Amino acid sequence: MELGGVRIFPGALDADARNSVLAAVRAVVAEAPLFHPVTARGRQMSVRMTSCGEFGWVSDRRGYRYERTHPATGRPWPAIPAEVAALWQRFAGPGARDPECCLVNFYGEGARMGLHQDRDEADFSQPVVSLSLGDDGLFRVGGTERGGRTASVWLKSGDVAVLAGPARLLHHGVDRIRFGSSDLLSQGGRLNLTLRVVT
Ligand code: SIN
Ligand code: FE2
C-alpha cells in the first residue's frame, strides 16, 4: 500500500524473521547501548537510540550529525547484522548502494517522534528503508514542505516502509505508540530500524 507516497509493506517480516531480527538487534544494543539523544536546544528526545554500520546518527548540544563512534563508549558502531542488511537487499530497489547506517529507535511508553525530514545524508537518490517491530506506532506522513496535509497509518510489528524517489524527503513522524499492543518485547515498546546510505 501507499501513504502519501511512502510505500508500506504490511507483514513484510513473518514471526520467525521478526524474532531473528530482534535477536540481532539485542546483540547490537549489548555492544552499543541505547542512549537518550538531546537536541541542539537541549531537549531530551523521548525515544532512545543506537546505531550499527559505518556511521551512527547522534544528536547533542552540537546538533544532529552522523558519527563513526558511539557517543558514550567511544567505540565504532557494530556491523549491520546480516538479517538486517537482507531487508535492504529486498526493499531498497535495483542500483541502491550498500547501507552505511542502521539507526535503531526504541519507543518506550509515551515516546514519540515529531514530524521531520531525513536530510542529514548526502545522497537523496538513495532510499530509507524502515522496519517496525513490537508495539504498534501511529506513523504520520506529510509533504516535502512544513505544514500542509498529512496522512497516518498504524505500523505494526514486521511492517516495512520505504521512503524513496519523490517520497525520500517527505516529512514523517510517530505520534504515539500503543504500548503493550505486541508481545514481541516482553516489557513492551516499539523498535524502529532505518537503513540509510550516509555519504
Ligand atoms: C524515524 O523517522 O527515524 C523513525 C520512524 C519510525 O519510528 O517509524
Ligand atoms: Fe526519520
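In this predicted model, helix α2 (82-91) has an outward face that carries the exposed residues Ala82, Gln89 and Arg90. This face is turned away from the buried side of the helix. The buried residues of α2 are Val84, Leu87, Trp88 and Phe91. Seen down the helix axis, these buried residues fall within an arc of 95°, so they line one face of α2. Their packing partners are β2, α1, β6, β8, β11 and β13. Gly93 follows α2 and has a positive phi, near 95°.

Helix α1 spans residues 15-31. Its 17 residues reach 25 Å from the first C-alpha to the last, close to the 24 Å expected at 1.5 Å a residue. At the N-terminal end, Asp14 caps the helix. A side-chain oxygen of Asp14 lies 3.2 Å from the backbone nitrogen of Asp16. Val21, Leu22, Ala24, Val25 and Val28 are the buried residues of α1. Viewed down the axis of α1, they fall within an arc of 165°, so they too line one face of their helix. Asp16, Ala27 and Ala30 are exposed on the other side of α1. The buried residues of α1 pack against α2 and against the strands β3 (48-52), β6, β8 (128-134) and β13 (190-196).

In soluble globular proteins, nonpolar side chains tend to be buried together. Here, the largest nonpolar core has 30 residues. Val6, Ile8, Val47, Met49, Tyr107 and Phe139 have the most contacts inside this core. Seven strands each supply at least two of its residues: β2 (6-9), β4 (56-60), β6 (101-107), β9 (137-141), β10 (151-155), β11 (160-163) and β12 (172-177). Of these, β6 gives the most, with three residues.

Neighbours within four places aside, Val6 touches Met1, Phe139, Val141, Ala161, Val162, Leu163, Ala167 and Leu170.

Arg149 sits in the loop between β9 and β10. Its relative accessibility is 78%, so Arg149 counts as exposed, the cut-off being over 50%. Sequence neighbours within four places aside, Arg149 is in contact with Val141, Gly142 and Gly143. Arg149 and Gly4 are 145 residues apart in sequence. In space, their C-alpha atoms are 9.4 Å apart.

Notes:
Residues are numbered from 1 along each chain as its sequence is written. Chains are lettered from A and ligands numbered from 1 in the order in which they are written. This is a predicted model: local features need pLDDT of at least 70, side-chain atom pairs count only at pLDDT 80 or more; totals for chains, interfaces and linings use all residues. Side-chain values use heavy atoms; hydrogens and water are left out. A nonpolar core is a set of buried Ala, Val, Leu, Ile, Met, Phe, Trp, Tyr and Cys residues joined through side-chain atoms within 4.5 Å. Buried means under 20% relative accessible area, exposed over 50%, partly exposed in between (1.4 Å probe, protein chains only). Helices (H or I, at least four residues) and strands (E, at least two) are DSSP runs, numbered from the N terminus. Contact means heavy atoms within 4.5 Å. The expected span of a helix is 1.5 Å times one less than its number of residues. The arc is that of the directions from the helix axis to the C-beta atoms. A polar contact is a pair of N or O atoms within 3.5 Å; within protein, one must be able to donate a hydrogen and the other to accept it, and residues adjacent in sequence count only if both atoms are side-chain atoms.
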